[in-house]
Amino acid sequence: MRPLRNPFIQSALAWLLAQWMQFCFATIRWTHENQAVAEQVWAQGGGVLCVFWHSRIGLAPASWPLERAQPAKGLISLSADGEFIAKAVALQGFPAVRGSSANKDKIDRAKGGSQALRDGLKQLKIGALAVTPDGPRGPANTMAEGLPLMAKLSKAPALFIGLSCNPAIRLNSWDRAVLPLPFGKGAIVWDRADFPEGADMAAVVADWTARMNAVEARADAITGLKP
């Protein structure tokens, strides 16, 4: 039996991961760029899509100040690994909407996709929904249509978040996931987009992918993290 399928092991490891992340976040020297964009979204309240690539999910809680930003939930897959991540993130104040928006053309056939879409749209009526548009299986940095579809249906803005830290642990996973190490440099870079009225979905995906890559590349340039 895989360790992450054991609920006791899963809960213990999730707690340890959450504690480690919080320690790292507290000791990293953070640089914030274009934060005024995020501050405006936080001040106006309401629904917002928090968007970052799957490889940076381990840094994501550092970008969302719970004391002044909207309450947030994370769209996390229904896999055992997803359950592990969901518990670690929930321990930091971000409960999960379980499911996947990864399937580009058949969202209703994705794991929990239909229910996740409904629950995600419900969350966007009151607060923030964190989405990794290339998750849960990739390809890395390739956006599925689930994100712009939710933006179109909900009318909520998408807040693109580039996250980086250095030094960092790079996992040997499909996305080469980044986990923080303490006492290093960190960067958070923001950009905002709204779904254009009457726009072609493929064109929006291409534009938003480029903007996502741009904020992440900028964050990596600030910290010196190598691709």
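Tutor: This is a predicted model. W42 has a relative accessibility of 6%, so W42 counts as buried.

Student: And W190, buried or exposed?

Tutor: W190 is buried, at 2% relative accessibility.

Student: How many aromatic pairs turn up in the whole structure?

Tutor: Seven, from a search of the whole structure. One of them is W20 with F23: the ring centres are 6.1 Å apart and the planes meet at 45 degrees, so this pair is tilted.

Student: Where do W20 and F23 sit?

Tutor: Both are in helix 1, residues 7-27. They are three residues apart there, about one turn of the helix.

Student: What is the accessibility of each?

Tutor: W20 has 34% relative accessibility and counts as partly exposed. F23 is partly exposed as well, with a relative accessible area of 39%.

Student: Back to the tryptophans. What geometry do W42 and W190 have?

Tutor: They form an edge-to-face aromatic pair, with 6.1 Å from centre to centre and 90 degrees between the planes.

Student: Which elements hold W42 and W190?

Tutor: W42 is in helix 2 (residues 35-44), and W190 is in strand 7 (residues 178-193). The pair therefore ties together parts that are 148 residues apart in sequence.

Conventions
Residues numbered from 1 in each chain as written. Predicted model: local features only at pLDDT ≥ 70, side-chain atom pairs only at ≥ 80, totals over all residues. Heavy atoms only, no water. Phe/Tyr/Trp six-rings, centres within 6.5 Å; stacked < 30°, edge-to-face > 60°. Helix = DSSP H or I, 4+ residues; strand = E, 2+ residues; numbered from the N terminus. Buried < 20%, exposed > 50% of the residue type's maximum accessible area, 1.4 Å probe, protein only.
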